[in-house]
Amino acid sequence: MKIALACDHGGLNLKAAIKKHLEKSGHEVVDFGTNSSDSVDYPDYSEKAAMSVASGETECGILVCGTGIGIGIAANKVKGIRCATVGDTFSARMTKAHNDANMIALGERVTGIGLGLDIVDAYLNSSFEGGRHQNRVDKIRAIENKNL
């Protein structure tokens, strides 16, 4: 799978661990940065990764900042993106299964590397259930089309 990956300075260590884990698992990673601990603005990196997912260049995306909140909010401003900030494996599975999320956001300062990698695996090993959930995703798209 081809996966977009991005972070700000607050997510640098977790992003590096995720990248190594994904590559070891045979995934192709497109790294949109940052690659420095210098303070940066997360929307700049979130947008690049989200645009990659929205355009189909990558199949899904993983974002990391200090909490996962800001970088996820920024991604959701890109038309076609459904990004969930997740902090546990159950939510990671359910956001794919029920919301067809094409991106997740994690917080290095609240999650840690071990749980972060488990969350990534739970997300990537899940699939959209469709059925009754498809109608809800369609309604999300309708709201998006009306407002973005």
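Me: What is the order of the strands in the open sheet?

Reply: Happy to start there, bearing in mind that this is a predicted model. The order is β2-β1-β3-β5-β4, an open sheet of five strands with parallel pairing. β2 (28-31) and β4 (83-85) each have a single partner strand, so they stand at the edges and one side of each lacks a neighbour in the sheet. From one strand to the next, the twist averages 25°.

Me: And which helices lie against the sheet?

Reply: Helix α2 (residues 42-55) packs on the sheet, where it touches β1, β3 and β5, and its direction makes about 165° with that of β1. Helix α6 (residues 113-124) lies across β1, β3 and β5, running at about 170° to β5.

Me: How do you know that β1 and β3 pair?

Reply: Pairing takes at least two bridges between the strands. Strand β1 (residues 2-7) and β3 have five, in the parallel sense, so they count as paired. As one detail, Cys7 has Val64 in β3 as its bridge partner. Five bridges also join β3 to strand β5 (residues 103-107), again running parallel, and there Ile62 stands opposite Ile104 of β5.

Me: What makes β3 largely enclosed?

Reply: Six of the six residues in strand β3 (residues 60-65) are buried, so the rest of the structure largely encloses the strand. Both of its faces are covered: Cys60, Ile62 and Val64 are buried on one side, and Gly61, Leu63 and Cys65 on the other.

Me: Why is Asp8 called buried?

Reply: Buried means under 20% relative accessible area. Asp8 has 5%, so Asp8 is buried. Asp8 sits in the loop between β1 and α1 (12-24). Beyond its neighbours within four places in sequence, its contacts are Thr34, Val40, Tyr42, Val64, Cys65, Gly66 and Ile71.

Me: Which UniProt annotation covers Asp8?

Reply: The unreviewed UniProt entry gives "binding site" for a set of residues, including Asp8, His9, Ile69, Asn99 and Arg136. The annotated residues spread over 129 residues of sequence and are also spread in space, up to 39.1 Å between C-alpha atoms.

Conventions
Residues numbered from 1 in each chain as written. Predicted model: local features only at pLDDT ≥ 70, side-chain atom pairs only at ≥ 80, totals over all residues. Heavy atoms only, no water. Buried < 20%, exposed > 50% of the residue type's maximum accessible area, 1.4 Å probe, protein only. Helix = DSSP H or I, 4+ residues; strand = E, 2+ residues; numbered from the N terminus. Axes fitted to C-alpha atoms, helices over the stretch in contact; angles between N-to-C directions. Contact = heavy atoms within 4.5 Å. UniProt positions renumbered as here; feature names shortened; annotations may be inferred.
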